[in-house]
Amino acid sequence: MYVTAFNEFEKNKDFQKEVMDMIKKGESGDQESLDKLNAVARNCLEGQEKSLARCGITHDSLDFESDLIKNGGVAEVVEQLKKLPNVKQLENGAYSIDLSKEGIDKEDGTVFLRADGTSVYITRDIEYHKKKFKEAKKSIIVLGEDHKVEAKELDILLNMLGEDTKNHEAIFISFVNFEGKKMSTRKG
């Protein structure tokens, strides 16, 4: 389902608009949109959990991004980020922060809010990690090695927002190749 939806999103502008409109409504507090997004996520998760169960892997608990939006935490993070130094609104209306002094050199800076007012992964990750820091003694995230810059951005922004990241660790895994081809979640 995830692969099919991703492919449709990439090639079908009408579907892309429909999805982005639903995300925007959800982030604006529309419960029906949040419920639909959550139902899709749970449906995808069900298939993933079946695959993981075959490997003997289970979860003690699960967290959903929609909960971080519902509780207002993501919106609060956006407002906190907007108050940081070196924040700018781009020509297209998106918001970003210049982290070049911290070694992150991106032409437009680190975008944390899209032009349409919806959050990006790092914004929701900030709220998620703030929640984790309150609930756990140690925070470990496992990412593909192509996300090293994003992990560094996350730590920098968490620190800028006053969070202590000394008990937060990112572990990076290498790419997995199968028969000479790079494996990709989005491509199935």
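Reader: How far apart are the axes of α2 and helix α3, and at what angle do they pack?

Author: In this predicted model, the axes of α2 and helix α3, residues 31-54, are 7 Å apart, and the two pack at an angle of about 120°.

Reader: What does that make them, oblique or perpendicular?

Author: Oblique. Angles from 65 to 115 degrees count as roughly perpendicular, and the angle here is about 120°, so α2 and α3 are oblique to each other.

Reader: Which hand does the crossing of α2 and α3 have?

Author: The crossing of α2 and α3 is left-handed. On the α2 side, Met22, Ile23, Lys25 and Gly26 make the contact, and on the α3 side Ser33, Leu34, Lys36 and Leu37 do.

Reader: How do the residues of that contact divide by class?

Author: Into four nonpolar, two polar and two charged residues.

Reader: New topic. How many residues does the largest nonpolar core have?

Author: The largest nonpolar core has 20 residues. Leu81, Phe112, Ile126 and Leu157 have the most contacts inside this core.

Reader: Take Leu81. What is Leu81 in contact with, leaving aside its neighbours within four places in sequence?

Author: Leu81 is in contact with Val87, Phe112, Thr123, Ile126, Leu157 and Leu161. Among them, Phe112, Ile126 and Leu157 are also listed with Leu81 as having the most contacts inside the core.

Reader: And where is Gly109, and is this residue buried or exposed?

Author: Gly109 lies in the loop between β2 and β3. Its relative accessibility is 14%, and buried means under 20%, so Gly109 counts as buried. Leaving aside neighbours within four places in sequence, Gly109 is in contact with Ser96 and Ile97. The C-alpha atoms of Gly109 and Leu84 are separated by 13 Å, with the two residues 25 residues apart along the chain.

Reader: What about Tyr128: where does this residue sit, and what is its relative accessible area?

Author: Tyr128 is in helix α6. With a relative accessible area of 23%, Tyr128 is partly exposed. Leaving aside neighbours within four places in sequence, Tyr128 is in contact with Asp63 and Leu68. The C-alpha atoms of Tyr128 and Gly26 are separated by 17 Å, and these residues are 102 residues apart along the chain.

Reader: Last one. What is the phi of Asn86?

Author: Asn86 has a positive phi of about 70°, although Asn86 is not a glycine. Asn86 is found in the loop between α5 and β1 (87-89). At 44% relative accessibility, Asn86 counts as partly exposed.

Note on methods:
Residues numbered from 1 in each chain as written. Predicted model: local features only at pLDDT ≥ 70, side-chain atom pairs only at ≥ 80, totals over all residues. Heavy atoms only, no water. Core = buried A, V, L, I, M, F, W, Y, C linked by side-chain atoms within 4.5 Å. Buried < 20%, exposed > 50% of the residue type's maximum accessible area, 1.4 Å probe, protein only. Contact = heavy atoms within 4.5 Å. Axes fitted to C-alpha atoms, helices over the stretch in contact; angles between N-to-C directions. Helix = DSSP H or I, 4+ residues; strand = E, 2+ residues; numbered from the N terminus. Parallel < 35°, antiparallel > 145°, perpendicular 65-115°, else oblique. Left-handed = near helix turned anticlockwise from the far one by under 90°. Nonpolar A, V, L, I, M, F, W, Y, C, P; charged D, E, K, R; others polar.
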